[in-house]
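Colleague: I have not looked at this one before. Can you walk me through it?

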There are 2 protein chains.
Amino acid sequence: MTEPSLDIVAIGNAIVDVISREEDDFIVRHALTKGGMQLIDAGQAEALYGAMGAGLEISGGSAANTLAGMAALGSKCGFIGQVFKDQLGEVFSHDIHSLGIRFETTAATDGPPTARCLIMVTPDAQRTMNTFLGASQFLPASALDLDMIRSARILYLEGYLWDPEQPRAAMRSAIEAARGAGRQIAFTLSDAFVIERHRADFLKLIDNGEIDILFSNETEICSLTQKNDFESAVAAVAGRVPVLIVTRSEQGAICVKDGERHQCAAAPVEKVLDTTGAGDLFAAGFLAGHVRGKTPVQCLEMGAIAAAEVISHYGARPETDLKALMGDLLA
Amino acid sequence: MTEPSLDIVAIGNAIVDVISREEDDFIVRHALTKGGMQLIDAGQAEALYGAMGAGLEISGGSAANTLAGMAALGSKCGFIGQVFKDQLGEVFSHDIHSLGIRFETTAATDGPPTARCLIMVTPDAQRTMNTFLGASQFLPASALDLDMIRSARILYLEGYLWDPEQPRAAMRSAIEAARGAGRQIAFTLSDAFVIERHRADFLKLIDNGEIDILFSNETEICSLTQKNDFESAVAAVAGRVPVLIVTRSEQGAICVKDGERHQCAAAPVEKVLDTTGAGDLFAAGFLAGHVRGKTPVQCLEMGAIAAAEVISHYGARPETDLKALMGDLLA
């Protein structure tokens, strides 16, 4: 087993976010689930985009956002995801490369256009996401750079991408390659509705020992375990993965590692503007600490600081110097 | 002469802005002129975009930004500009329609892609703009909706679009149509380098009485008149146009109308983040007041408030409720 040359390789949706501010009645009128993520087809995407207000476009995708945060914290990152050869694909590629992240997945030249996520931010700062998966859902296993995966300390997988068949198969191959090379696998549950659709698969991955680090929030861990309360849900999973992280919005986060539970408070935020990316950036801070050998509490604190930064502005990627925000934690 | 059904029709670049934060040395290294606008070709656009950091995309274009502000202030607006039938063209069209602005120029299906403006914002909040005109430079006179132009109280023209030949010819036809219908013509000088290239044309428009309302900033009026000091420059133009507005950044703005000079202070801003769109939104506030029959001082104050809003965040279009910010001015 050779020394890893990358800290992390992530497989995720290669998406451009389209963000607009909407009133609560927009969510009601279009029968959306506030705070959730739903998949939409091309027709729905067109109709919903037509109804949305003026927007801003910014590269997104859950795992890609996590890497953006990790790269800002000095981690060496690689990303695998499918864009189409079009303007939004070019925007996604440019942005991820400009962060110093390796990204070599060849853009598709037939099939649907680059994925976009239509995000409505309501006055309570919650985001309601509507994802047109486009090219992202056709990431073939053959597009994986297995050498890159084997060269990274951690393979990070995005639960959202478990929906479409091809990327799911690709992620299974990636797990095998990483396992074979003795690497760690981190997995984020992404969304309660994704879990509804894939609960059996996710539990099987856990019980087969294929997940070393599991990220979830309170709703997701309850959905996964079908428990109504947080403590029972945590108890039901904690012993089955080496590291479990559960984020709890303004109540902070916990980490259960080797049977021991750690926690941290949420980092202070002057004004929460847009919660998009909170979980992604929490994972970024935690994992950036993890690959530097920080203690669980330090990792949690780094996660909390990165999450606090991203919810203080629109868009799901950091806008200020994350390293500076970490202070002594990076010492 | 029939009663106008629109307050304003503008002809301008149909552009998507790509905004990134860069350090001062980026501007030096790429030999850019800080605070200015330069035209770049496809090759330069590719090279510069490759060197820029991660960006955010937001619809822009000087005159289109002005209309975005006016529409937010309740004015009835129409826009004419050329996009290509591609993703960025779709973004531009969506955004302008979602603001309630009439926009019916048919997207081009051959020629270059939709225009984009690569904007670097330095720590001093100044923007350096690099415009790839793309489809925008091929707005043909035949694309003008002359009935729409005749139906608007004001025809607003963007000096930037005087550079390419086809839109320049289109704007000349538009002036003729508006004049014939007894409408007012407003013109923004846009940029000192644009003036360097077209000084003779601009002075001729002025002296032929084809401009009723002229917008400029301090640098631009000095460039137009080739005077070194503000007062001499103002004196050289003031008598030649019915309404002259000159903005002076943190020193406020003046308006000379029928030989009488009015002024206002800059509106307070907590923190200037990005000056992109300051002039465009000043024009928006001023013209929204003008079409409501406000006094010159009230128009100036509305301009100052709209400009202050747009420089307090990234992007050149308003993000907060401009009407609310105007308070008693809209009474």
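Modeller: First a term: two residues are in contact if their C-beta atoms, placed from the backbone, lie within 7 Å. This is a predicted model, in which local features need pLDDT of at least 70, side-chain atom pairs count only at pLDDT 80 or more, and totals for chains, interfaces and linings use all residues. Residues are numbered from 1 along each chain as its sequence is written, and chains are lettered from A and ligands numbered from 1 in the order in which they are written.

Colleague: Which residues of H10(B) meet H11(B)?

Modeller: Among them are Leu281(B), Phe282(B) and Phe286(B), and on the H11(B) side the list includes Leu300(B), Met302(B) and Ile305(B). Helices (H or I, at least four residues) and strands (E, at least two) are DSSP runs, numbered from the N terminus.

Colleague: What sort of residues are in the contact of H10(B) with H11(B)?

Modeller: There are 15 nonpolar, five polar and one charged. Here Ala, Val, Leu, Ile, Met, Phe, Trp, Tyr, Cys and Pro count as nonpolar, Asp, Glu, Lys and Arg as charged, and the others, Gly among them, as polar.

Colleague: At what angle do H10 and H11 of chain B pack?

Modeller: About 145°, with the axes 7 Å apart. Axes are lines fitted to C-alpha atoms, for helices over the stretch in contact, and angles run from 0 to 180 degrees between N-to-C directions.

Colleague: Switching topic, how many residues of chain A are in contact with chain B?

Modeller: 19 residues of chain A, with 19 residues of chain B. H4(A) gives the largest share of the chain A side, six residues. That side divides into eight nonpolar, seven polar and four charged residues.

Colleague: How do E4(A) and E4(B) run, parallel or antiparallel?

Modeller: Antiparallel, joined by three bridges. Two strands pair if DSSP finds at least two bridges between them. Leu56(A) is opposite Ile58(B).

Colleague: What rotation superposes chain A on chain B?

Modeller: One of 180°, with 0.0 Å of shift along its axis and an RMSD of 0.0 Å. That is the relation of a two-fold axis. The superposition is by least squares on the C-alpha atoms of residues with pLDDT of at least 70 in both copies. Glu57(A) comes closest to the rotation axis among the residues of chain A, at 2.4 Å (C-alpha).

Colleague: And the sheet in chain A, what is its strand order?

Modeller: E6-E5-E1-E9-E10-E11-E12-E13-E14, an open sheet of nine strands with mixed pairing. E6 and E14 of chain A stand at the edges with a single partner strand each, so one side of each has no neighbour in the sheet.
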